[in-house]
Amino acid sequence: MFVLNMIRWFVGYVVFTVEGNGQERFVNLCARFGYTIWNVRRKEYFFVSVSRTKYRMLKNLAKQTGVKIRIYKKHGLPFVMHKFPNLKGMLAGLVVFIVLLSFLSTRIWSIQVEGNQKLNSDLILLTAEEIGLKEGMARSKLDVLSVQNQLMMAYPEIAWISLNTKGSSVTIRIGEKEDKPDIWNSDQKVMNIKAARDGQIVRMEVTHGTPQVKVGDGVAEGQLLVSGITETEYTNLLTRATAKIIAETKHTYEIKVPLLQDENIPTGNVIKRRALKLFGFTVPITFEVEPKDNDNLTYEKDLAIYRAKTNDVNLPATVYEETWTEYQVQQIQLTEEQALQKAKEELEKQQKEALKEDDKVLSTDTTYTIEKGQLILHATSIWEENIAQESEIYVEQS
Amino acid sequence: MNKAQRGIEKRQEKGNIRGLNKIASVLQLPAAVIAGVAHMEVSGNHEVVLEGCGGIIEYTDDVVRVKTGKSITKFSGKNLEIKCIQIDSLIIQGFITAIEFQF
């Protein structure tokens with residue numbers, strides 16, 4: 001019924017009244033002459049509906065039967081259109097709308113990333129764009145398998161990936177790899193523990209294997225500390241020796257800091273470049289030219305991406321903001337204190353990088369000299385560190 | 001045409017219809033198909049689709065009388081409305097309380 005009413009509305013119909021004697025006869029004649037009429041209601045007059053084009057033809061029948069027919073109401077698209085003088089413009093607008101709608105529905109407008117926990121969505125989207133999956137591209141040109149493979153290759157952290165297209169939106173669903181749990185001796189290797197460097201043993205925590213040294217012993221690099229072979233009365237047991245051998249060790253450093261240095265000093269100039277990407281087209285909002293490094297000035301770029309979203313769905317509107325910070329290269333003559341400070345900072349940095357979980361620095365002695373325009377810092381540190389290092393014993397299986 | 005002739009024609013028509021009805025029952029076909037009698041489809045008491053109607057005789061809110069072949073079918077009820085009418089069919093909607101056949 002809804003479809004029928006819609007067709008009637010598109011064609012246009014007239015509700016008219018039938019007055020006078022012989023209303024039933026008029027209705028009968030309408031039917032007999034093939035004019036389909038509907039919604040015949042009896043109030044004070046007959047209210048009858050008929051299609052717009054057939055109403056005129058009914059006038060003759062009305063004359064024959066001696067009834068008066070009058071239009072009560074007009075319904076439908078043709079009457080609505082009649083109200084608007086710029087019909088052509090409206091029609092053109094309608095055509096443009098339909099064409100635009102059908103064109104836009106063949107493109108991809110929204111790209112989502114789901115399932116990522118450690119990986120950044122924006123980075124994945126940028127990579128996808130480089131690969132060829134971008135807003136505004138034709139849906140038919142999307143090679144799902146190729147994009148999936150290339151994204152997998154670009155991010156080894158991805159365990160699985162699936163590209164789901166639904167209408168004009170694409171969802172990149174990914175699953176990240178999880179680290180393998182550390183299972184002790186899963187490969188059933190036989191290992192000794194040897195000393196990673198020279199030192200004096202302070203503490204030992206042996207969980208597997210036979211200790212070959214004791215607390216207080218001085219050891220040299222490569223010396224056997226814990227053996228993977230345990231001798232019993234009857235046989236030799238082969239195992240993977242595990243132990244923490246904490247020893248006091250000595251580390252020496254030599255750090256050179258030139259007194260005359262090139263340093264990048266921010267000039268305070270910050271250039272912001274913004275671009276709006278709308279429906280796949282990038283339009284610059286600011287007219288700043290991309291700055292380029294020269295002899296004196298260098299620039300550092302920082303990119304921020306602002307995506308338009310609704311209900312966590314990316315819309316095809318993104319603002320890219322590049323912040324270029326300007327630095328001037330200046331030669332600075334460091335004072336002795338400043339150079340020493342820098343050298344100490346560098347020393348601290350190097351030590352931090354080298355320190356492992358159980359390690360700590362007990363003491364550091366430093367001396368410095370100034371030679372040929374540079375400060376040379378000599379440092380000797382005493383560490384307390386785990387010097388246990390696994391060394392495999394190759395056993396032939398018989 | 002005098003009364004006698006009309007009487008003869010009526011008897012012939014009656015005879016024809018009876019004959020066609022018999023054929024329809026032998027062939028196990030609906031009588032409406034062969035005999036050309038009106039066919040009515042009633043949905044609850046709110047809609048009647050009538051095929052083979054010969055025209056509306058009376059139409060008010062409470063009564064719709066329709067010519068169906070040699071008889072007149074009367075639909076009584078409340079708020080009766082002719083939803084659609086075509087050459088030989090019509091749809092009546094409303095609260096139908098009775099359907100009567102008048103000869």
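Are A:Phe16 and A:Phe26 buried or exposed? Both residues are buried, where buried denotes a relative accessible area under 20%, exposed one over 50%, and partly exposed the range in between (1.4 Å probe, protein chains only). The model is predicted: local features need pLDDT of at least 70, side-chain atom pairs count only at pLDDT 80 or more, and totals for chains, interfaces and linings use all residues. Residues are numbered from 1 along each chain as its sequence is written, chains are lettered from A and ligands numbered from 1 in the order in which they are written, and side-chain values use heavy atoms, with hydrogens and water left out.

Aromatic contacts were assigned to rings of Phe, Tyr and Trp (its six-membered ring) with centres within 6.5 Å; planes under 30 degrees apart count as stacked, over 60 as edge-to-face and the rest as tilted. Eight aromatic pairs were found by this rule over all chains. The pair of A:Phe16 and A:Phe26 is edge-to-face, because the ring planes stand at 90°, with the centres 6.2 Å apart. This pair links distant parts of the chain, ten residues apart: A:Phe16 belongs to strand β1 (residues 13–19) of chain A and A:Phe26 to helix α2 (residues 23–32) of chain A. Helices (H or I, at least four residues) and strands (E, at least two) are DSSP runs, numbered from the N terminus. Together with A:Tyr55, A:Phe16 and A:Phe26 make up one aromatic cluster. Elsewhere, A:Arg8 lies over the face of A:Trp38, 3.9 Å from the ring centre; the criterion is that NZ of Lys or CZ of Arg is within 6 Å of the ring centre and within 35 degrees of the ring normal.

Strand pairing requires at least two bridges found by DSSP between two strands. Five bridges connect β8 (residues 191–195) of chain A with β22(A) in the antiparallel sense, and A:Asn192 faces A:Ser391 in β22(A).

A further open sheet of chain A contains five strands, ordered β11-β9-β15-β21-β20 and paired antiparallel. Seven antiparallel bridges join β9 (residues 199–208) of chain A to β15 (residues 242–258) of chain A, with A:Glu205 opposite A:Lys244 in β15(A).

Strands β6 (residues 158–166) and β7 (residues 169–176) of chain A run antiparallel and share eight bridges. The two strands form a hairpin with two residues between them, and A:Gly167 in the turn has a positive phi of about 65°. A:Leu163 has A:Ile172 of β7(A) as its bridge partner.

Zero disulfides occur over all chains, a disulfide being a pair of cysteine sulfur atoms within 2.5 Å. The sulfur of A:Cys30 is too far for a bond, because the closest cysteine sulfur, in B:Cys84, is 12 Å away. For B:Cys53, the closest cysteine sulfur is also in B:Cys84, at 11 Å, again too far for a bond. A:Cys30 is buried, with a relative accessible area of 0%, and B:Cys53 is buried with a value of 8%.
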